[in-house]
Amino acid sequence: MSQNSARFIVIEGLEGAGKSSAVSLVRDFIEKYTGHAPLCTREPGGTPLAEKIRTLVKTTEPGDPLCDEAECLLIYAARAQLVANVIKPALARGQWVLGDRHNLSSLAYQGGGRGLMSLVETVSRATLGDFKPDLTLYLDIEPALGLRRAARRGELDRIEQQELAFFERARATYLAKAQEDDSIVVIDAGQDMAEVHKDILAMLQQRL
Ligand code: T5A
């Protein structure tokens, strides 16, 4: 694999969509396809500083609720760190990068869910410019089903405790963005895991 053919692939979806197992599947596929393991990242997070921001974003501070604008800006601060210090250097040295969430999450959650699309677009342009994934697999799930799956794992975090309508708006934004952008592929994540994985592999074989 030549240096400049390294790609940035991202898995997206609402809570409980099955991103964790999809990441393992895609990581193994990339390793077989390129002969090298990809660098795996998660957002928010993925650098020491960005992981601290992740904790701030996921937890509730008693008496000092995180306002929507601060949530958005914190997430972009974490992403700017990750892109500058981890993702771009990896791609530059020829290593593929596999992301568990990236900018599309902000468009969906902060833009669609919180109604801050104008802020999201402004900060996205200012921090990322035209940098974007080569391919995004969006695992589409009914929010109620995804949240039931997520709840089975234990206590829900600050964002997971939002009302269902928040996730409905986020999902609608994911689907609208996928319609506009050829590099975003929608996978039906409401199926059995085996079916979801079959669809992911078929799509990877076709796209790569
Ligand atoms: N956020 C993040 C923003 O608001 N804006 C942003 O820009 C970014 C980057 C991150 C939080 O931050 C928000 C979104 C999030 O709320 P997170 O922990 O990284 O938090 O993300 P989550 O979506 O919360 O991660 P989850 O672990 O909940 O989702 P997954 O990874 O999609 O779910 P997964 O794979 O663990 O599956 C959940 C359960 O369902 C089962 C699994 O076995 C597991 O038990 N499952 C299935 N069961 C039946 N059939 C299937 N097909 C199944 N697939 C999975």
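## Where the ligand sits

Let's start with the ligand: the space it takes is the largest pocket. A pocket here is an open set of points on a 1 Å grid over the protein atoms alone, with protein on both sides within 12 Å along at least five of seven lines, and its lining residues have an atom within 4 Å of a point. A molecule sits in a pocket if more than half of its atoms lie within 2 Å of the grid points. This is a predicted model, in which local features need pLDDT of at least 70 and side-chain atom pairs pLDDT 80 or more, while totals for chains, interfaces and linings use all residues. Residues are numbered from 1 along each chain as its sequence is written, and side-chain values use heavy atoms, with hydrogens and water left out.

## The shell around the ligand

There are 26 residues around the ligand, and Lys 19, Lys 58, Arg 101, Ser 106 and Arg 153 come nearest. By class, the shell has 11 charged, 8 polar and 7 nonpolar residues; Asp, Glu, Lys and Arg count as charged, and Gly is among the polar ones.

Helices α1 (19-34), α2 (48-58), α3 (68-92) and α4 (103-113) each give two or more residues to this shell, and α4 brings the largest share, 4 residues. Helices are DSSP runs (H or I) of at least four residues, and strands (E) of at least two.

## What the record says

UniProt, in an unreviewed entry, places a "binding site" at Gly 13, Leu 14, Glu 15, Gly 16, Ala 17, Gly 18, Lys 19 and Ser 20. From this set, Glu 15, Gly 16, Ala 17, Gly 18, Lys 19 and Ser 20 belong to the lining of the largest pocket. Gly 13 lies in strand β1 (residues 8-13).

## Two backbone details

Most residues other than glycine have a negative phi, and most peptide bonds are trans. Arg 101, in the loop between β3 (97-100) and α4, has a positive phi of about 80 degrees. A cis peptide bond joins Glu 43 and Pro 44, with omega about -10 degrees.

Notes: Near = heavy atom within 4 Å. 1 Å grid on protein atoms, 1.4 Å probe; cavity = no way out; pocket = protein on both sides within 12 Å on 5 of 7 lines; lining within 4 Å. UniProt positions renumbered as here; feature names shortened; annotations may be inferred.
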